[in-house]
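Please read the sequence and the model side by side, and follow the chain from its overall composition to its sheets and then to a single residue.

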Amino acid sequence: MRSRTLLLFAFVALLGAVAAVLPALATASEAKLEVNENCVEPKWPCWAAPGSSQPAFKTTVASGGTVMFVDHGKEANIAWTGTAPTCEPSVPVAPAATKTGWVGKCTFATPGTYKFESSTLFKDFYNDYTKYEIVVAGTPTDATTSASGETQTEAMLNGSIDPEGSIVEYHFEYEGPGVTGKQSTPTATLSAADFTSHSVSTQATGLQPGMTYHFLLVASYGGKTVAGATTQTFTTQAAKEPTKEPPAKEPPAKEPTPTPTPTPIPGPISPEPEIVPLVSPLVEGSLKLTAPRHGSSVRGSVQISQAGVGGRLEVDLLASGASLAKVGHSAQIRVGRLVRSSLYAGTTSFTVPLAVRARQALRRRHKLALMVKIVLTPLHGAAVTLTRSVVLHA
């Protein structure tokens, strides 16, 4: 085996990663896997797509789809761990004995993740070609949930999506006073094979104080729109009225007082110290962070005082190199970032999604410890830095 190829698979094994090498099958109704066919080396057999030089550790088909298995010159069988599909009699499913030179289909009627093993295929300290997954995509669902973090000009639009193994694109549409027609937030992508609902959020800006708005989560996959989302409403905070000064009161009439007899003072009197007013803080109250038990983003809010108006907010998600499987790296690595300028006084909410590398680590380890670093830089004066710890769960 080529040293470069060996090094690549050693790195994959150390990370515990199972790479999907068949992205083109994300919406296919059928797939084909062959054992010992152009897979690294003939003496190192594994399941792969026809003509591929990489193991097909994960394959995706649509609900009701099929996978054709073809054995080439290596005695093997298939052992399903957990839920099993319906396979043709020609497929040797354990406890059936291993054999060579066989062909057969398996049909996957129900969405979910199907796992199988072929224990006779290649395995050593660095490479494990015995375990595979077939993800059967179902019909995605979505829901629009209540907005949060409403200020005079902003609101966090929330919803949830269950991709059912598919790649789903989504955005929010909102309309109301001060908005010309329907406005759409930038399109984002959600891809998950855990067949559970995931929270999604996007910030809406440029709103009017004290006004009611309507919004809707719009999701699609493979050119089809996901049905199920309903419209929700929210109302921004009303504009603050200027503080009125109380009317001045006439001072009470002074009664004549007798002139006191001066008392001799030994020595000069020191002047009283000047009282210097305190400068208003940039941040009022405490930083609030929320991390959903199942999700790949960190949400939070911070109270901005008048001294921070017009300033700049930076939110960084930091993770240790060890938690990202960066061997030999213990320093913190940035895995998410959000920057917002021209801040307003009041509650400022934010949502910071994880980068791809961190999402992979979260799926692999099932939880990920993060340091949330927030830097608020005012128009005038020194910046303020806040840090908090949070743990995300897959």
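The model is a predicted one, and its secondary structure comes to 2 helices and 25 strands. Of the 394 residues of the protein, 39% count as buried, while the accessible surface comes to about 22,200 Å², with 55% of that area belonging to carbon and sulfur atoms. When contacts between residues at least 6 apart in sequence are considered, 64% of them join residues at least 24 apart.

One place to begin is an open sheet in which 4 strands follow one another in the order β3-β9-β8-β5, with mixed pairing. The strands β3 (58–62) and β5 (79–81) stand at its edges, and because each has a single partner strand, one side of each is left without a neighbour in the sheet. Neighbouring strands of this sheet are turned by 30° against each other on average, direction being ignored.

With strand β14 (residues 188–191), β12 forms 4 bridges in the antiparallel sense, and here glutamate 169 has threonine 189 of β14 as its bridge partner. With strand β16 (residues 212–221), β12 again pairs in the antiparallel sense, over 7 bridges, and tyrosine 174 finds its bridge partner in phenylalanine 215 of β16. A pairing with strand β13 (residues 183–184), likewise antiparallel, rests on 2 bridges. Which residue of β13 stands opposite tyrosine 174? The residue in question is glutamine 183, and tyrosine 174 also has the bridge partner phenylalanine 215 in β16.

Another open sheet is built from 4 strands in the order β22-β21-β24-β25, and its pairing is antiparallel. From one strand to the next, the twist averages 20°. The antiparallel pairing of strand β24 (residues 367–377) with β25 comprises 10 bridges, and methionine 371 stands opposite serine 389 in β25. Helix α2 (residues 356–365) lies across β22, β24 and β25, and runs at about 145° to β24. As a reminder for reading such strands, side chains in a regular strand alternate between the two faces of the sheet.

The last stop is threonine 348, which lies in strand β23 (residues 346–353). Is threonine 348 buried or exposed? Its relative accessible area is 4%, and because buried means under 20% relative accessible area, threonine 348 counts as buried. If residues up to four places away in sequence are left aside, threonine 348 touches Gly300, Ser301, Val302, Ile304, Leu313 and Arg340.

Conventions
Residues are numbered from 1 along each chain as its sequence is written. This is a predicted model: local features need pLDDT of at least 70, side-chain atom pairs count only at pLDDT 80 or more; totals for chains, interfaces and linings use all residues. Side-chain values use heavy atoms; hydrogens and water are left out. Two strands pair if DSSP finds at least two bridges between them. Axes are lines fitted to C-alpha atoms, for helices over the stretch in contact, and angles run from 0 to 180 degrees between N-to-C directions. Contact means heavy atoms within 4.5 Å. Buried means under 20% relative accessible area, exposed over 50%, partly exposed in between (1.4 Å probe, protein chains only). Accessible areas come from the Shrake-Rupley method with a 1.4 Å probe; for residues, only the protein chains shown count as cover.
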